[in-house]
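Please keep the display in view while I speak.

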Amino acid sequence: MAAMAQKADRGRPGEHGHAARGGTPRPRVGVVKLASCDGCQLTILDLEDHLLELSEHFEIVDFPEASSARSNGPYDVLFVEGSVSTPDHLRRIGELRKQARVLVTIGACATSGGIQALRNWADHDAYRAAVYPTPEYVESLARSTPISEHVSVDFELRGCPISPEQLIELLTALVTGRRPQLRDEAVCMECKRRGIVCVMSAQGIACLGQVTQTGCGAICPRMGRGCYGCFGPREQANAAGLARWFQASGERSAEEVGQLFAGFTAYAEPFRSAITDLGGTRGARRSGGGGFIAAGGTGAGRASYLAGTRRMEGIDDDGR
Ligand code: SF4
Ligand code: SF4
Ligand code: SF4
């Protein structure tokens, strides 16, 4: 599915708005989660001053990470973080879809199944028994799946975590009733625009930037490490071709090449097929792949790390 593809016309923003300021109903917004680390929700909170500005335009009716206010809908805009990972998630996502005029999935977990989807190549029951002392109490599905596999999704915001700039662009577009301007192009394009020296050409560091959708401002190459694909594949990405090139270069085994793709968006096609063709995820990320675990951590920790990096680097609201 396109990263940002608007589906059915479900009416105007604000049509469910109950509160009014200056006589104009504000769209009712909810932020909820399934299987996730909350890091994408932290990105929303990290909008800081923008968040206050946005609250002038939106009525936040449900956001457990930030407020004790609760609502069961209806929502004009519902942001959903996290993958479908348990039977309860399956039930909830169907209910949430019915209550949402516009449903936006946020982050790699929600849009591709997340890092937890690495279990999709494994024996679920054996893993559960190995991890939990009483596995019979743990209700989980054999596969962690993206929300779009179960219900229709109006927009996707990619990344682990999402980009604050893309979030603001989406919210602004929703308020003004225009189409969000979110580019589907490779991270390499960002490198070229910013004059970043290619870590793959200059240092031989493996980088998935050629097949990964941009939106992060090429933050990993900018920090001297390879892209590990957290924004997921861009449209028509030739992951199989890149995998063949990595192997043909003679420096990596099939298993090592598979590990490069087996990250936060492993279950998104065509990364999924590339991993399967290379033998699954055995030993995935054992070595830290492009170095992201040591450099950036995962999930919510990574969200904080990236926010700090952006401040240190002086990256502005346009990601420049
Ligand atoms: S920060 Fe990453 S791991 Fe955490 S919810 Fe977002 S996509 Fe999932
Ligand atoms: S560093 Fe990666 S993303 Fe940047 S130009 Fe090189 S291959 Fe592309
Ligand atoms: S891995 Fe780094 S460079 Fe690649 S999309 Fe994610 S943040 Fe951007």
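**A walk through the model**

Let me begin with a ligand site. Ligand 3 is surrounded by V187, T212, C216, A218, I219, C220, C227, Y228, G229, C230 and F231. By class, this shell around ligand 3 comprises nine nonpolar residues, two polar ones and no charged ones. Please bear in mind that what you see is a predicted model.

One member of that shell, A218, deserves a separate remark. Where in the chain does A218 lie? A218 is found in the loop between α8 and α9, the latter covering residues 219-222. Is A218 buried or exposed? A218 is buried, because 24 other C-beta atoms lie within 10 Å, and the threshold for that class is 20 or more. Its backbone also calls for attention: A218 has a positive phi of about 55 degrees, although it is not a glycine. As background, most residues other than glycine have a negative phi.

I turn to ligand 2. There are 13 residues around ligand 2, and those that come nearest are C188, C191, C198, C207 and G209. Which helices each supply at least two residues of this shell? They are α7, residues 187-194, and α8, residues 199-203. Helix α7 gives the most, with three residues. The shell around ligand 2 contains eleven nonpolar residues, two polar residues and no charged residue.

Let us now step back to the chain as a whole. How many helices and strands does the chain have? There are 14 helices and seven strands. Of its 320 residues, 48% count as buried. Among contacts in the chain with a separation of 6 or more, 73% are between residues 24 or more positions apart.

Next comes the sheet. Five strands form an open sheet in the order β4-β3-β5-β6-β7, with parallel pairing. The edges are taken by β4, residues 59-62, and β7; each has a single partner strand, so one side of each is left without a neighbour in the sheet. On average, neighbouring strands of this sheet are turned by 25 degrees against each other, direction ignored.

We can follow the pairings one by one. Strand β3, residues 28-33, pairs with β4 in the parallel sense over three bridges, and V29 stands opposite I60 in β4. The pairing of β3 with β5 is also parallel, over five bridges; here V31 stands opposite F79 in β5. Between β5 and β6 there are six bridges, again in the parallel sense, with E81 opposite I106 in β6.

Why is β5 described as largely enclosed by the rest of the structure? The reason is that seven of the seven residues of β5 are buried.

Helix α3, residues 87-99, lies across β3, β5 and β6, and runs at about 130 degrees to β6. Together, β5, α3 and β6 make a right-handed β-α-β unit. Helix α6 lies across β5, β6 and β7, running at about 155 degrees to β7.

Elsewhere, helix α11 has buried residues V257, G258, Q259, L260 and F261. What covers them includes α10, residues 239-248, and α12.

Some backbone details remain. Most peptide bonds are trans. In this model, however, the bond from C160 to P161 is cis, with omega near 0 degrees; P161 lies in the loop between β7 and α6. A cis peptide bond also joins E269 and P270, with omega about 5 degrees, and P270 is found in the loop between α11 and α12.

E48 is not a glycine, yet its phi is positive, near 50 degrees. E48 lies in the loop between α1, residues 39-45, and α2. With 10 C-beta neighbours inside 10 Å, E48 counts as exposed, since the limit for that class is 12 or fewer.

L54 counts as partly exposed, because it has 18 C-beta neighbours inside 10 Å. How far apart in space are L54 and V175, C-alpha to C-alpha? The distance is 9.6 Å, while in sequence L54 and V175 are 121 residues apart.

Conventions: Residues numbered from 1 in each chain as written. Chains lettered and ligands numbered in written order. Predicted model: local features only at pLDDT ≥ 70, side-chain atom pairs only at ≥ 80, totals over all residues. Near = placed C-beta within 6 Å. Helix = DSSP H or I, 4+ residues; strand = E, 2+ residues; numbered from the N terminus. Nonpolar A, V, L, I, M, F, W, Y, C, P; charged D, E, K, R; others polar. Pairing = 2+ DSSP bridges. Axes fitted to C-alpha atoms, helices over the stretch in contact; angles between N-to-C directions. Contact = placed C-beta atoms within 7 Å. Right-handed = clockwise from strand over helix to strand, strands pointing away.
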